[in-house]
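This report goes through one chain and the ligands placed with it. Please look over the sequence and the structure before reading on.

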Amino acid sequence: MNVLFIGGGNMATAIIGGLYRQPGTTISVVEHSEEKRDALAAKYGVTALSALPAALSADDVIVLAVKPQNLKAVCTELAPRLNGALLVSIAAGVDIATLSRWSGGTTRIVRVMPNTPALVGKGVSGLYAAADVAVADRNAAEAIMMAVGRVLWVGTESGIDDVIAVSGSGPAYVFHFVEALEAVGRDVGFDAETARQLALETFEGAIALLRDSGEPAGELKRKVMSKGGTTERAIASFEDDRVKEAIVRGALACRARAVEMSADFSRS
Ligand SMILES: NC(=O)C1=CN([C@@H]2O[C@H](COP(=O)(O)OP(=O)(O)OC[C@H]3O[C@@H](n4cnc5c(N)ncnc54)[C@H](O)[C@@H]3O)[C@@H](O)[C@H]2O)C=CC1
Ligand SMILES: O=C(O)[C@@H]1CCC=N1
């Protein structure tokens with residue numbers, strides 16, 4: 001498989017970091033920044049280009065990995081040289097109809113919503129393709145994302161917005177919580193490194209316990225809460241502050257932004 005990434009930033013680097021180990025895959029990347037091109041070529045042995053190749057072929061897989069605001073310019077430049085290549089877009093908030101219109105009408109498009117833990121091989125990606133997209137094209141997109149974690153297919157395009165709200169943007173929610181826990185550690189007197197370790201080990205341990213026990217989060221939470229004890233006081237404070245509701249509101253605001261972006265880009 002020949003995979004050409006357009007944009008060699010955070011997400012593309014994460015995906016390339018898993019994909020370059022796959023036998024039978026040739027990777028190229030078009031990236032404006034010389035520094036990023038050099039780093040990608042040195043680290044992963046990929047062909048790093050400063051501009052789009054003159055022509056592509058129907059066997060190529062093009063991963064669109066620029067920011068949504070840069071996507072129209074990229075697709076417009078791609079359209080005359082696409083020659084039926086498969087487009088895999090990881091951009092948030094740009095729907096297939098818009099991508100197709102910008103790219104000269106191709107319908108060979110798969111949408112993917114990955115997340116940054118892909119960098120350490122622990123990503124999770126949602127994938128969607130319209131009914132007329134060939135199984136071989138779905139499999140190609142799936143194989144790329146499986147190199148950096150798990151995949152799940154959603155049955156409607158709006159499912160991509162649902163995935164963004166939970167796992168696409170989700171790592172940032174977790175980092176937000178970790179920031180708070182680290183801050184508490186420092187406030188009560190630990191040095192920064194100890195505070196970080198306590199917060200990280202707590203997260204890692206809690207996630208491992210969730211997975212290994214198979215018990216629901218609510219049940220495990222109750223097991224930490226001794227009657228009249230310390231955790232009960234903390235959770236009561238979270239509930240007074242409606243922390244869970246705030247997280248749900250944030251994630252729904254994230255989803256609403258994806259919908260809003262899709263509507264805006266559909267008019268451009
Ligand atoms: N960062 C994240 O957690 C996630 C990002 N995404 C999507 O991934 C896409 C990329 O995001 P990031 O990697 O975070 O952004 P980024 O800013 O790190 O990478 C984009 C790269 O594209 C390059 N670029 C811009 N225009 C170009 C052009 N015309 N030709 C070649 N290179 C060009 C930039 O120099 C930059 O290195 C976005 O569309 C975003 O919605 C999806 C899921 C998660
Ligand atoms: O914030 C964003 O728009 C991108 C999409 C999902 C995660 N980051």
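## Overall fold

The model is predicted. Its secondary structure comes to eleven helices and eight strands. Along the principal axes, the C-alpha atoms of the chain fill a box of roughly 70 × 40 × 30 Å.

The chain has 268 residues, of which 31% count as buried. Among contacts with a separation of 6 or more, 64% join residues 24 or more positions apart.

## Domains and annotated regions

The chain is divided into domain 1, residues 2-156, and domain 2, residues 170-257. Taken over C-alpha atoms, the centres of domain 1 and domain 2 are separated by 34 Å.

Two regions are named in an unreviewed UniProt entry. The entry gives residues 3-93 as "domain: Pyrroline-5-carboxylate reductase catalytic N-terminal". In the model this span is 35% helix and 23% strand, with its end C-alpha atoms 23 Å apart. The entry places "domain: Pyrroline-5-carboxylate reductase dimerisation" at residues 157-261. Residues 157-261 are 85% helix and 0% strand, and the end C-alpha atoms of the span lie 14 Å apart.

G9 is in the loop between β1 (2-6) and α1. With 15 C-beta neighbours inside 10 Å, G9 counts as partly exposed.

M11 belongs to helix α1. Is M11 buried or exposed? M11 is buried, because 23 other C-beta atoms lie within 10 Å. Leaving aside residues up to four places away in sequence, M11 touches A65, I90 and P114.

Which residues are around ligand 2? They are A92, I164, G168 and S169. This shell divides into two nonpolar, two polar and no charged residues.

Helix α7 runs over residues 170-187 and has 18 residues. From its first C-alpha to its last it reaches 26 Å, close to the 26 Å expected at 1.5 Å a residue. α7 is followed by G189, which has a positive phi near 120 degrees.

Helix α8 covers residues 192-213. At 1.5 Å a residue, its 22 residues should span 32 Å, and the 31 Å between its end C-alpha atoms agrees with this. The residue G214, with a positive phi near 70 degrees, follows α8.

## Positive phi outside glycine

N83 is not a glycine, although its phi is positive at about 50 degrees. N83 is in the loop between α3 and β5 (86-89). It counts as exposed, because 12 other C-beta atoms lie within 10 Å and the cut-off for exposed is 12 or fewer.

R242 is likewise not a glycine and has a positive phi of about 50 degrees. Its place is in the loop between α10 (230-240) and α11 (243-266). R242 is exposed, with 11 other C-beta atoms within 10 Å.

## G218

G218 lies in helix α9, residues 217-224. Why does G218 count as exposed? Within 10 Å of G218 there are 7 other C-beta atoms, and a residue with 12 or fewer is exposed. G218 and N10 are 208 residues apart along the chain, and their C-alpha atoms are separated by 34 Å.

Key:
Residues are numbered from 1 along each chain as its sequence is written. Chains are lettered from A and ligands numbered from 1 in the order in which they are written. This is a predicted model: local features need pLDDT of at least 70, side-chain atom pairs count only at pLDDT 80 or more; totals for chains, interfaces and linings use all residues. UniProt positions are given in the numbering used here, feature names are shortened, and annotations may be inferred rather than shown by experiment. Helices (H or I, at least four residues) and strands (E, at least two) are DSSP runs, numbered from the N terminus. A residue is near a molecule or strand if its C-beta atom, placed from the backbone, lies within 6 Å of it. Ala, Val, Leu, Ile, Met, Phe, Trp, Tyr, Cys and Pro count as nonpolar, Asp, Glu, Lys and Arg as charged, and the others, Gly among them, as polar. Domain bounds come from an automatic or database domain assignment. The expected span of a helix is 1.5 Å times one less than its number of residues. A residue is buried if 20 or more other C-beta atoms lie within 10 Å of its own, exposed if 12 or fewer, and partly exposed in between; C-beta atoms are placed from the backbone. Two residues are in contact if their C-beta atoms, placed from the backbone, lie within 7 Å.
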